[in-house]
Amino acid sequence: MPTAAETALSRGLEGVVANESAICYVFGEEGRLIYRGYDIHDLADHSTFEETAYLLLKGDLPTREQLKTFAAQLKAAQKLDKVVQRVIKDAPLSANPMNVLRTAVSASVFGDPDRHDNSAAAEYRKAVRLIAQLPTMVAMFHRLRNGQKPLAPRRGLALAANLLYMTSGAVPETEVEHALDIALILHADHELNASTFAARVIAATLADMHGAVTGAIAALAGPLHGGANTEVMKMLLDIKTPDRAEAWIREALARKQKIMGFGHRVYRTEDPRAAHLRRMSEELGRKAGQSQWFAMQRTIEDLMKRDKGLYCNVDFYSASTYYVMGIPLDLYTPIFAVSRVSGWCAHVLEQHGDNRLIRPRAEYVGAMDRKWVPVRKRGEGGGSSGGGGAGGGEGPA
């Protein structure tokens, strides 16, 4: 029989330390986030997404030459294999972009030159290709579903600018490109969140990089993980004007409706990423003549903090930041994936570097000691040996 320690239950694995990692850590009580020892504020203020992706993958900030080489590797890998292009072209125009992205990433293994090589060096090269190609995949499907010709990446543009260019057809203004670059840095990793843990569980079976990232995308697509910022923007569009914000939220709370963009499983104070997105939301909204979204959000943020003791998280202000950039609501989560793939790949490389199969136990709450009976003797309501299983639903994470 298992010991008491072995059967101690933590729903959703909350508070359970599942592995060691040198990639990222969330200081929940302090509201701090570090990548490889660097504070997220320092990276958001001074780094670029390409530099941050290198840091996550390799463990150190690149030298000038290393960054130049890494950026060149990304640019050289942006073009999609014909099989992947065909998969995206064959997708229904009404398809969820996350489903298309998941399928495209899975299919990209067919044309990968290292598909038969799972060495550490080959897995790193696969990681570089995936980081480079996800923006192209997202933009290609978006253009096709709008009856537009897909655009090839422009070699003179960084990853964030290329994503906006390939999606909209216009080279973004400097302020918009910089804002998206910062947003990609902020979303690049977040310790053992659901999608990253899914990637590590898959990688622990010695599945390859493409399989692990495909599973991570499937996890991110779930409404309790990715997609919260989309719901925040839907809420703001429903509120319409700042003067309606407080009454709308109070009515929603009275109905026990969850207000998206608030609270976190780990942070007990403000999400450190929210400060940067709050500033960008205000600046970009003012420049675009759409200050109403930020005004609504400040009212909502103040009310939720004052009445519920809840702080906003990374999703809250990213909603209006993306909206004033002209990004469609259903591309918010794919853009999350464009950023987080750098973290997923770093975790897969780390998992493979010191692997142990991840195999937790479950607390069994079903029936015991049941005996098999012939089908002719079983009642309409099920088996005749008694002992039904325990009920109960699973609450939100």
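Helix α11 passes helix α17 in a right-handed crossing, where right-handed means that the near helix is turned clockwise from the far one by less than a right angle, and left-handed anticlockwise. The model is predicted, so local features need pLDDT of at least 70 and side-chain atom pairs count only at pLDDT 80 or more, while totals for chains, interfaces and linings use all residues. Residues are numbered from 1 along each chain as its sequence is written, and side-chain values use heavy atoms, with hydrogens and water left out.

**Exercise 1.** Describe how α11 and α17 are placed relative to each other, and which kinds of residue make their contact.

*Solution.* Begin with the two quantities needed: packed helices are described by the angle between their axes and the distance between the axes. The axes of α11 (residues 209-220) and α17 (residues 332-353) come within 10 Å and cross at roughly 135°; helices here are DSSP runs of H or I with at least four residues, and strands are runs of E with at least two. Axes are lines fitted to C-alpha atoms, for helices over the stretch in contact, and angles run from 0 to 180 degrees between N-to-C directions. The two helices are therefore oblique to each other, since angles under 35 degrees count as roughly parallel, over 145 as roughly antiparallel, 65 to 115 as roughly perpendicular and the rest as oblique. Next, list the contact (heavy atoms within 4.5 Å): its residues include Met209 and Leu220 of α11, and Phe336 and Trp344 of α17.

**Exercise 2.** Work out how the strands of the open sheet are arranged.

*Solution.* The three strands have the order β1-β2-β3, with antiparallel pairing, and two strands pair if DSSP finds at least two bridges between them. β1 (24-27) and β3 (38-39) stand at the edges, each with a single partner strand, so one side of each lacks a neighbour in the sheet. Four bridges join β1 to β2, and Tyr25 stands opposite Ile34 in β2. Ile34 also has a bridge partner in β3, namely Asp39.

**Exercise 3.** Decide whether His142 is buried or exposed, and find what it touches.

*Solution.* His142 lies in helix α7 (residues 120-145). Its relative accessibility is 10%, so His142 counts as buried, given that buried means under 20% relative accessible area, exposed over 50% and partly exposed in between (1.4 Å probe, protein chains only). Leaving aside neighbours within four places in sequence, His142 is in contact with Thr167, Pro328 and Leu331.

Terms used: Nonpolar A, V, L, I, M, F, W, Y, C, P; charged D, E, K, R; others polar.
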